[in-house]
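Welcome! Here is a friendly briefing to read alongside the sequence and the 3D view.

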Amino acid sequence: MAESYVEHEVSHPALQHHFENLEQQREAGTLGMWVFLVTEIMFFGGMFLAYTLYRSKFPAAFAIASNHLDIKLGAINTAVLIFSSFTMAMAVYNTQVGKRRAQIISLVLTIVLGLGFLGIKAVEYYQKYEDHLIPGSLIPGNPFNPDPHEMHLTPGGSMQHVQMFYWIYFAMTGMHALHMIIGVGLLSFLLYFSVKGRYSPEYHNPVEVIGLYWHFVDIVWIFLFPLLYLLGRHTGGH
Amino acid sequence: MSEHIVPVKVYISIFLALMVGTAVTVLAAFQNFPGALNVIVAMTIAVVKATLVVLYFMHVRYSARLIWVIVASALFWMGILFALTFSDYWTRCWLGCT
């Protein structure tokens, strides 16, 4: 114990007084972020549950509705997000080894890729708006009213069930996009303090925990992409 | 326990594996597999990709046991959420539906 008191006297300026040392502070921060992510998993879990339930009830309508999503843009966005996860991991790595220039470049790339994802998502949303696929009357003057021929609705398929797919689609991708927007905000905060030189191999917990959050958002999309975009392709989607 | 620094080579390998997984899941979606095999293939690939992200990008493989317990608890409660809900929906007609 005597040794750790000596450590305190020359402690790092970022060390909070209620922690024994930076190691303990870092592990406590990481643990806290993981507990938050568990609540996030349960939050998205509820929506995945609703998706599973309604898909099992209305499989034909869900396949038809899903086939109307833009698979190319969805796949490109998946690649963009995985690449941004990689650059985020590199931002953590470069901070750990003290390469400040590479750390800043990695963060800038992650922000650019995150914004790119949101831009592509906005293009997709606009296409859905033009095709009158925004569910209910969320957009005044443009209620849910797709062309039945364009949807290739088979006899017995219900447009109400197609609309149910789009409620779930917009709820899940919308919440995911909101998490992306918050993530880009957090990354901008990291970038600002990185440029100021706050993070070092000794102290970089904010980079680490925001990285965990960013990877979590990536994982949500890894499940959303096949569930929303690919579920009916084998039935002759295009 | 000191911090483990994951080598760049590992990050690049995981990144490439995730990209290949994305390509495979798109290709597999266009094949007409029998029964429920399409969704099983898609979900297996997604679970493998998510596991790679959790273990390597999120460093869980090199993390303390306590982190493993936290991650496992999330999966456990997700299991309860799905199991209890579907035990209701799947058995609703066992006593006859009107």
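Helices here are DSSP runs of H or I that hold at least four residues, and they are numbered from the N terminus. With that in mind, the elements of chain A read α-α-α-α-α-α-α from the N terminus on. Please remember that this is a predicted model.

**Chain A as a whole**

- Chain A contains seven helices and zero strands.
- The radius of gyration of chain A is 22 Å, well over the 18 Å that the globule rule gives for 238 residues, so chain A is more spread out than a compact globule.
- Along its principal axes, the C-alpha trace of chain A covers about 80 × 35 × 30 Å.
- Of the 238 residues in chain A, 35% are buried.
- Look at the contacts in chain A with a separation of 6 or more: 75% of them come from residues 24 or more positions apart.

**Chain B as a whole**

- Chain B has three helices and zero strands, and along the sequence its pattern is α-α-α.
- Its radius of gyration is 19 Å, well over the 13 Å that the globule rule gives for 98 residues, so chain B, too, is more spread out than a compact globule.
- The C-alpha trace of chain B spans about 60 × 35 × 10 Å along its principal axes.
- In chain B, 19% of the 98 residues count as buried.

**Where the two chains touch**

- The contact draws 38 residues from chain B and 34 residues from chain A.
- On the side of chain B that touches chain A, the elements giving two or more residues are helix H1 (8-29), helix H2 (37-57) and helix H3 (65-89) of chain B.
- Which of these helices gives the most? That is H3(B), with 12 residues.
- By class, this side of chain B has 28 nonpolar, eight polar and two charged residues.

**Two helix pairs in chain A**

- A pair of packed helices is described by the angle between their axes and the distance between the axes.
- Start with helix H2 (residues 22-57) and helix H6 (residues 159-195) of chain A, which pack at an angle of about 160 degrees with their axes 10 Å apart. That angle makes H2(A) roughly antiparallel to H6(A), because angles over 145 degrees count as roughly antiparallel.
- H2(A) and H6(A) cross in a left-handed way.
- From H2(A), the residues A:Met47, A:Ala50, A:Tyr51 and A:Tyr54 meet A:Met164, A:Ile168, A:Ala171, A:Met172 and A:Met175 of H6(A). Sorted by class, this contact has nine nonpolar, no polar and no charged residues.
- Now find helix H4 (residues 71-96) of chain A, which packs with H7(A) at an angle of about 160 degrees, with their axes 10 Å apart. H4(A) is therefore roughly antiparallel to H7(A).
- The crossing of H4(A) with H7(A) is left-handed.
- Residues of H4(A) that take part include A:Ile71, A:Gly74, A:Leu81 and A:Met88, while those of H7(A) include A:Val207, A:Trp214, A:His215 and A:Tyr229. The contact of H4(A) with H7(A) has 12 nonpolar, six polar and two charged residues.

**Two histidines to look up**

- Most residues other than glycine have a negative phi.
- A:His132 has a positive phi of about 55 degrees although it is not a glycine. Its place is in the loop between helix H5 (100-130) and H6 of chain A.
- Is A:His132 buried or partly exposed? With 13 other C-beta atoms within 10 Å, A:His132 is partly exposed.
- B:His59 has a positive phi of about 65 degrees, and it is not a glycine either. This residue lies in the loop between H2 and H3 of chain B.
- B:His59 counts as buried, with 21 C-beta neighbours inside 10 Å, because the cut-off for buried is 20 or more.

**Distance in sequence and in space**

- A:Glu40 is in helix H2 of chain A and is partly exposed, with 15 other C-beta atoms within 10 Å.
- A:Glu40 and A:Phe216 are 176 residues apart along the chain, and their C-alpha atoms are separated by 8.8 Å.
- A:Thr235 sits in the segment after helix H7 (205-229) of chain A, and A:Thr235 is partly exposed, with 15 other C-beta atoms within 10 Å.
- A:Thr235 and A:Leu190 are 45 residues apart in sequence and, C-alpha to C-alpha, 45 Å apart in space.

Key. Residues are numbered from 1 along each chain as its sequence is written. Chains are lettered from A and ligands numbered from 1 in the order in which they are written. This is a predicted model: local features need pLDDT of at least 70, side-chain atom pairs count only at pLDDT 80 or more; totals for chains, interfaces and linings use all residues. Axes are lines fitted to C-alpha atoms, for helices over the stretch in contact, and angles run from 0 to 180 degrees between N-to-C directions. Angles under 35 degrees count as roughly parallel, over 145 as roughly antiparallel, 65 to 115 as roughly perpendicular and the rest as oblique. A crossing is left-handed if the near helix is turned anticlockwise from the far one by less than a right angle, and right-handed if clockwise. Two residues are in contact if their C-beta atoms, placed from the backbone, lie within 7 Å. Ala, Val, Leu, Ile, Met, Phe, Trp, Tyr, Cys and Pro count as nonpolar, Asp, Glu, Lys and Arg as charged, and the others, Gly among them, as polar. A residue is buried if 20 or more other C-beta atoms lie within 10 Å of its own, exposed if 12 or fewer, and partly exposed in between; C-beta atoms are placed from the backbone. The radius of gyration is taken over C-alpha atoms; the globule rule is 2.2 Å times the number of residues to the power 0.38.
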